[in-house]
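Okay, thanks for coming, everyone. Let me put the model up and then talk you through a few parts of it.

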Amino acid sequence: MTSWWLGLDYGFWALVAVLLVIQPSGQTTLVRALERVLGTVGGGVLALLLTPFLPGSAQMLAAVAVFVIGAIAMRAVNYTMLVVFISAQFIVVTEMIMPSQGVAWVRMLDNTLGSVIGLLCAFTVCPQRRGQDMDGLLRTAVMGNLRYLAAVLTRDDPVVTDRIQRQAGIDTTRAEFARGSLPILGGVSAVGERATQAHALLRALRRLSGEATLLRFDISAALCDGDAEAGERWRATAASLEAGASLSDIARKIENGEVMAEIAALERAGRNSAPSGS
């Protein structure tokens, strides 16, 4: 209705922005909306700066290819930078297919409008508008990642391990999204000592998950036997956390790298093998 009332030429861009920025709470939607607006403005400026250097279709296609590569590279790194490249790509493609004046400005206006509408919807309609239980979310994320590590070390059934890994990723993502803690240009929106500690723990959990996945590849390639005893110990640790045990000790071990050092110390075939001819 807003697009119709304002007579927007590309009103569907605003609708897409609404769908992409809305999160389960107003605070997290605020962060995502800000990221999208910043990314759209950045992409629009990028497209405007490159316009004099894109006189024909060949140059435009080359630019689109570069933007696509940039978007793929940024997809798992930073949402703001992802939107920068996607916006620039959409602007150039639109100018190729439906040439018109001011496409970049229209893109920036539509995405900003959609982000604002999405933000209003989240604050007025969506549940969980208050801050979430960050301590509980962190505890759940730690338990999920420890269970994944235990499943890898004890060489559980691959299907079961996949399910545990997926759940650990979901639990970690929920904690990352809580209280607006999404990254903006590589930083965090939340401030304060507790927010800094939570951010450090979540980063360490991501590194631990990656290390566990690399270990899983080594085990599947018969380069490592795993460690059933250590796996059961981490599984028991996760169970004790679920029963209410203190999180601080295991969180400290995860943050300072003790857990990953234990993984790295596992014997792997060929690690110390001498090169041929030596």
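This is a predicted model: local features need pLDDT of at least 70, side-chain atom pairs count only at pLDDT 80 or more; totals for chains, interfaces and linings use all residues.

Residues are numbered from 1 along each chain as its sequence is written, and side-chain values use heavy atoms, with hydrogens and water left out.

So, the core. By nonpolar core I mean buried Ala, Val, Leu, Ile, Met, Phe, Trp, Tyr and Cys residues joined through side-chain atoms within 4.5 Å. Buried is under 20% relative accessible area, exposed is over 50%, and partly exposed is in between, using a 1.4 Å probe and protein chains only. The largest core has 36 residues, and L138, V142, L149, L215, W234, I250 and I254 touch the most other members. At least two residues each come from α7 (134-153), α8 (158-177), α9 (193-220), α10 (228-242), α11 (248-255) and α12 (258-264). The biggest share, twelve residues, is from α7. Those helices are DSSP runs of H or I, at least four residues, numbered from the N terminus.

Let's zoom in on I250. Leaving out residues up to four places away in sequence, I250 touches V142, L146, W234, T237, L241 and V259, where contact means heavy atoms within 4.5 Å. Apart from this core there's another one, of twelve residues, including L54, V64, A71 and L82.

Next, α10. Which of its residues are buried? They're A230, G231, W234, T237, A238 and L241. What covers them includes α7, α11 and α12. The face turned away carries exposed E229 and E242. Just after α10, G244 takes a positive phi of about 115°.

At the N-terminal end, D157 is the cap, with a side-chain oxygen 3.0 Å from the backbone nitrogen of V159.

Last stop: I86, in α5 (residues 79-97). I86 is partly exposed, at 25% relative accessible area. Beyond four places in sequence, I86 touches A71 and R107. I86 and G43 are 43 residues apart in sequence, yet 7.3 Å apart in space, C-alpha to C-alpha.

Terms used. A polar contact is a pair of N or O atoms within 3.5 Å; within protein, one must be able to donate a hydrogen and the other to accept it, and residues adjacent in sequence count only if both atoms are side-chain atoms.
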